[in-house]
Amino acid sequence: MRRADSGESTAKNVKFTVLSELVLAGLKFVSRRVFVLLLGKEYLGLNGLFTDILSMLSLAELGFGVSITYSLYGPVAREDRELIKSLIRLYRRIYQGVSLVVLAVGVSLTPFLPFFVREMPADIPNISLIYILNVVNASVSYLFTYKSTLLYVYQKKYIDGMIRAIVTLFATVVQIVTLMLTGNYVYYLYLSIGATLIQNIVISIKADKRYPYLKEKKVSPLPGTILQDIRRNVSAMILHRIGSVAVFGTDNFLIAKFVGIVTTGLYSNYMMIRGFLNVVINALFSGITPVMGKLNATETKVQKQEAFRRLNFFAAWLLGWMSICLFWLYDPFIHIWLGGRLSVTQTGSISDRGELLCDWYAHSGSKYEECHGIVLGRALQSDSGGPGQSDRLCDTGKEMGDSGHCCRYTDQYGGISFLD
């Protein structure tokens with residue numbers, strides 16, 4: 001791909017992804033308001049708690065997504081279709097296994113749900129069924145979604161975004177109408193599962209049409225060196241995954257356990273705003289990341305350093321502006337959107353802002369490190385203490401002008417789910 005084509009694809013990815021996420025965010029905010037008005041704060045808190053439990057179950061992915069995606073940049077740049085097919089087949093098998101593990105472990109936790117809550121709401125029927133449906137939704141989100149990673153690496157993320165926007169639009173409208181007519185949260189979840197499956201299947205079909213070689217039955221075994229590197233990378237990512245979930249995926253669980261399910265619901269509104277802002281940030285940098293991965297595979301050291309400096313400056317300017325807006329508008333927006341009775345104390349909201357800003361600050365560096373394998377290299381170096389893959393990856397980090405951020409990996413390549 002020529003550099004002009006690469007820049008055009010990047011601009012198209014960023015513009016379409018940001019636009020689609022803004023539309024989807026508007027739908028989600030409307031859906032959340034209807035949800036709160038019709039079902040109440042208890043259902044909201046229960047939904048937030050189950051989201052954190054599912055976040056813990058995502059540890060079953062173990063970082064295979066980022067490891068295999070990193071391995072795809074080189075073959076895609078060289079148009080090595082045989083190696084791409086081998087990596088995608090491995091990806092499919094791993095994610096099918098992850099889906100089964102999430103389903104089995106998630107369902108097995110059903111008898112222990114009272115342990116996660118200080119006081120289980122007595123006026124909510126079918127809590128176990130609601131939890132199991134959430135688990136099923138998380139499980140099916142890993143099916144077929146591995147092919148969306150190939151669209152991402154080929155800088156065609158706008159295709160994924162377009163499909164997701166259309167399916168989410170129809171799903172959200174139907175869910176809102178269903179809640180208004182029936183007030184039944186179980187029906188709401190059935191629709192979520194159906195939408196998740198439809199979305200991932202359509203993306204898979206679209207990827208097969210664009211890259212028909214994916215349907216070829218003859219697939220060569222992965223070279224031993226690449227398979228060994230993936231295993232080493234995954235081993236190194238385990239602690240990063242555990243740390244990420246422990247720090248960023250347990251808020252609702254701790255609040256539900258030690259404060260109460262209603263407060264969990266209130267806090268989840270702030271988490272939803274955080275999630276939207278994170279999606280916007282992620283959309284911006286996700287459009288750039290594949291270009292950085294291709295740049296790492298094909299360009300010189302000087303060009304890589306220049307690209308990093310420009311990315312870092314853009315991130316500092318953008319996040320500084322967003323941080324100022326967030327500090328002054330967080331609470332007023334909650335009051336306008338849901339009313340004053342659904343806001344938390346000022347101390348709580350300020351601490352939430354501080355955590356979010358720290359997360360944003362590391363984001364641009366982590367994206368750059370992710371597509372160059374630097375995070376993997378650091379962990380491998382600390383695990384092995386010797387030469388080999390760890391040295392090669394860490395040397396890449398030094399050449400890039402490593403930002404020194406303490407970064408975390410966010411599983412953007414995992415399942416696409418319709419949980420709020």
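**Figure 1. Helix 5 of the predicted model, residues 127-140, spans 20 Å from its first C-alpha to its last.** The model is predicted, not determined by experiment. Helix 5 has 14 residues, and its reach is close to the 20 Å expected at 1.5 Å a residue.

**Figure 2. Helix 5 is largely enclosed by the rest of the structure, because ten of its 14 residues are buried.** The buried residues are Ile127, Ile130, Tyr131, Leu133, Asn134, Val135, Asn137, Ala138, Ser139 and Val140. A residue counts as buried when its relative accessible area is under 20%. The buried residues of helix 5 pack against helix 2 (41-57), helix 4 (81-108) and helix 8 (185-210).

**Figure 3. Helix 2 and helix 10 (residues 251-258) cross at roughly 130°.** Their axes come within 7 Å. The two helices are therefore oblique to each other. The crossing in which helix 2 passes helix 10 is left-handed.

**Figure 4. The contact between helix 2 and helix 10 involves residues from both helices.** Helix 2 contributes Gly48, Leu49, Asp52 and Met56. Helix 10 contributes Asp251, Asn252, Phe253 and Ala256. By class, four residues of this contact are nonpolar, two are polar and two are charged.

Figure 5. Of the 420 residues in the chain, 54% are buried. Among contacts with a separation of 6 or more, 85% join residues 24 or more positions apart.

Key:
Residues numbered from 1 in each chain as written. Predicted model: local features only at pLDDT ≥ 70, side-chain atom pairs only at ≥ 80, totals over all residues. Heavy atoms only, no water. Helix = DSSP H or I, 4+ residues; strand = E, 2+ residues; numbered from the N terminus. Expected span 1.5 Å × (residues − 1). Buried < 20%, exposed > 50% of the residue type's maximum accessible area, 1.4 Å probe, protein only. Contact = heavy atoms within 4.5 Å. Axes fitted to C-alpha atoms, helices over the stretch in contact; angles between N-to-C directions. Parallel < 35°, antiparallel > 145°, perpendicular 65-115°, else oblique. Left-handed = near helix turned anticlockwise from the far one by under 90°. Nonpolar A, V, L, I, M, F, W, Y, C, P; charged D, E, K, R; others polar.
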